[in-house]
Amino acid sequence: MFVLELTYTAPLDAVDALLPDHVAWLEEQYEIGLFLASGRKNPRDGGVILAVAGDRAGIEEIVAGDPFTVAGVCVYRVTEFVATKTAPELARHRQALD
């Protein structure tokens with residue numbers, strides 16, 4: 001499992017101009033089952049996404065396709081973790097320690 005933290009590197013008007021494309025990209029990731037939750041940070045200087053994927057390389061590839069990344073209005077910090085405990089709704093994403 002991955003925590004994807006976005007930090008804006010451009011003014012909010014530049015971010016907002018790309019927001020429809022970013023939201024469409026988010027929806028695609030939800031449809032294929034990669035994203036579990038997402039939203040803006042407060043204060044609004046970026047966002048956070050909770051994602052599942054087979055490996056970090058796959059996540060890095062997905063992040064590279066975000067319209068925010070392509071346009072250079074944000075940077076991502078990718079944190080991988082082992083989800084050994086989850087809410088019942090996320091039980092299928094639980095992982096065992098090696």
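Predicted model: local features only at pLDDT ≥ 70, side-chain atom pairs only at ≥ 80, totals over all residues.
How many strands form it, and in what order? There are 4 strands, and the order is 2-3-1-4. The sheet is open, and the pairing is antiparallel. Strands of a sheet pair through backbone hydrogen bonds, either parallel or antiparallel.

Now look at the edges. Which strands stand there? They are strand 2, residues 35–40, and strand 4. Each has a single partner strand, so one side of each is left without a neighbour in the sheet. Neighbouring strands are turned against each other by 15° on average, with direction ignored.

Next, zoom in on strands 2 and 3. A hairpin joins strand 2 to strand 3 through 5 residues. The two strands pair in the antiparallel sense over 5 bridges. Arginine 40 has glycine 47, in strand 3, as its bridge partner. Serine 38 stands opposite isoleucine 49 of strand 3.

On to the helices. Helix 1 lies across strand 1, strand 2, strand 3 and strand 4. Against strand 2, helix 1 runs at about 165°. Helix 2 packs on the sheet as well, touching strands 1, 2, 3 and 4. The direction of helix 2 makes about 160° with that of strand 4.

What sits in the largest nonpolar core? This core has 19 residues. Leu4, Phe35, Ile49, Ala51, Ile59, Phe68 and Tyr76 touch the most other members. Several elements supply at least two residues each: strand 1, helix 1 (12–31), strand 3 (46–51), helix 2 (56–64) and strand 4. Take alanine 51 from that list. Sequence neighbours within four places aside, alanine 51 is in contact with Met1, Phe2, Leu4, Leu34, Phe35 and Ile59.

Now the rings. A pair of aromatic rings is described by the distance of the centres and the angle of the planes. The structure holds 3 aromatic pairs. One of them is tyrosine 8 with phenylalanine 68. Their centres are 6.0 Å apart, with 85° between the planes, and the pair is edge-to-face. Why is this pair worth a look? Tyrosine 8 lies in strand 1 (residues 2–8) and phenylalanine 68 in helix 3 (residues 67–71), so the pair ties together parts that are 60 residues apart in sequence. Are these two residues buried or exposed? Tyrosine 8 has 15% relative accessibility, so it counts as buried. Phenylalanine 68 is buried too, at 1%.

Then we have tyrosine 30 and phenylalanine 35. Their ring centres are 6.0 Å apart and their planes stand at 90°, so this pair is edge-to-face. Tyrosine 30 counts as partly exposed, at 33% relative accessibility. Phenylalanine 35 is buried, with a relative accessible area of 3%. Ring pairs also bring in a tryptophan: Trp25, Tyr30 and Phe35 are linked into a cluster.

Last stop: histidine 93. Where is histidine 93? Find the segment after strand 4 (74–80). Histidine 93 has a relative accessible area of 13%, and buried means under 20%, so this residue is buried. What does histidine 93 contact, leaving aside its neighbours within four places in sequence? The answer is Met1, Leu36, Val52 and Ala83.

Methods:
Residues numbered from 1 in each chain as written. Heavy atoms only, no water. Buried < 20%, exposed > 50% of the residue type's maximum accessible area, 1.4 Å probe, protein only. Contact = heavy atoms within 4.5 Å. Phe/Tyr/Trp six-rings, centres within 6.5 Å; stacked < 30°, edge-to-face > 60°. Core = buried A, V, L, I, M, F, W, Y, C linked by side-chain atoms within 4.5 Å. Pairing = 2+ DSSP bridges. Axes fitted to C-alpha atoms, helices over the stretch in contact; angles between N-to-C directions.
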